Amino acid sequence: MTLYQLIYFIEIAHCRSFSRAAERLYVTQPHLTKSIASLERELDMKLLDRSTHHVRLTPDGTDLLERIERHAVALQNGIEQTKISSKNHMHKVIIGISRDETIPAELLELVCEMNAENEGYRYFLEQNTYVELISRLRGGEYKLAVTTDRNMRTAVGIDHLILRPFEMVLALPKNHPMAHKADLKPTDFGSEPVFFAVPETQRCAERAL
């Protein structure tokens, strides 16, 4: 099993397509297919259900994705740190990421591309709390940070740029009084408890809005 096989698997899981994943990873589709088949043989489990038009995760595939995705960055960073140790002239650039968020596959790919194209620089992703993101941005330890926390917009001394809208999906029982409303705001729930999925634990944390 290699790091590249795991990165390939993560990308396919997000794209739900071997052809699109191959394009985004800059590899051929046969190479991608062969790598995933080798990974499935080594693990002795089927990770993906393939059809003519769709690719879906199997239960084993879903379990593997949940277990490895949050560690992929640490593995990649470890490799890059080793490269820096052998090349002291390289400049280290740290990009902060909110600790309680799933890291987008696109961002992982972008960091890999930048590290491949910029010989004098090495880019790293580092997950941290919102408070630490702000502190390290102000202190210059982080060159930039990526987060969905809206408080970043009003943080003193921090400039922000909206990359893309953040979409949330609300799930309600069919018999809930608000289930058939076209538009909902957090204030509509008052003190009623709402459960948010937490990516790191795949459990639910209860928070009152």
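Residues are numbered from 1 along each chain as its sequence is written, and side-chain values use heavy atoms, with hydrogens and water left out. As the model is predicted, local features need pLDDT of at least 70 and side-chain atom pairs count only at pLDDT 80 or more, while totals for chains, interfaces and linings use all residues.

Helices (H or I, at least four residues) and strands (E, at least two) are DSSP runs, numbered from the N terminus. Helix 1 spans residues 3-15 and contains glutamate 11. This glutamate 11 is buried, with a relative accessible area of 3%; buried means under 20% relative accessible area, with a 1.4 Å probe and protein chains only. Leaving aside residues up to four places away in sequence, glutamate 11 touches Ala21, Arg24, Leu25, Ala105 and Glu109, where contact means heavy atoms within 4.5 Å.

Helix 3 (residues 29-43) packs against helix 1 at an angle of about 110°, with the axes 10 Å apart. Axes are lines fitted to C-alpha atoms, for helices over the stretch in contact, and angles run from 0 to 180 degrees between N-to-C directions. The angle makes helix 1 roughly perpendicular to helix 3, a term that covers 65 to 115 degrees. Helix 1 contributes Gln5, Leu6, Tyr8, Phe9 and Ile12 to the contact, and helix 3 contributes His31, Leu32, Ser35, Ile36, Ser38, Leu39 and Glu42. Seven of the residues in this contact are nonpolar, four polar and one charged; Ala, Val, Leu, Ile, Met, Phe, Trp, Tyr, Cys and Pro count as nonpolar, Asp, Glu, Lys and Arg as charged, and the others, Gly among them, as polar.

Helix 2 (residues 18-25) also meets helix 3, their axes coming within 9 Å and crossing at roughly 110°. Helix 2 is therefore roughly perpendicular to helix 3. Phe18, Ser19, Ala21, Ala22 and Leu25 of helix 2 make the contact with Gln29, Leu32, Thr33 and Ile36 of helix 3. This contact has six nonpolar, three polar and no charged residues.

The sheet is open, with three strands in the order 4-3-5 and parallel pairing; two strands pair if DSSP finds at least two bridges between them. Strand 4 (121-128) and strand 5 (144-146) are the edge strands, each pairing on one side only. From one strand to the next, the twist averages 30°. Strand 3 (residues 91-98) pairs with strand 4 over eight bridges, and serine 98 stands opposite asparagine 128 in strand 4.

Helix 5 (residues 105-117) lies across strand 3, strand 4 and strand 5, at about 155° to strand 4. Helix 6 (residues 130-139) lies across strand 3, strand 4 and strand 5, at about 145° to strand 4.

Technical notes
Buried means under 20% relative accessible area, exposed over 50%, partly exposed in between (1.4 Å probe, protein chains only). Angles under 35 degrees count as roughly parallel, over 145 as roughly antiparallel, 65 to 115 as roughly perpendicular and the rest as oblique.
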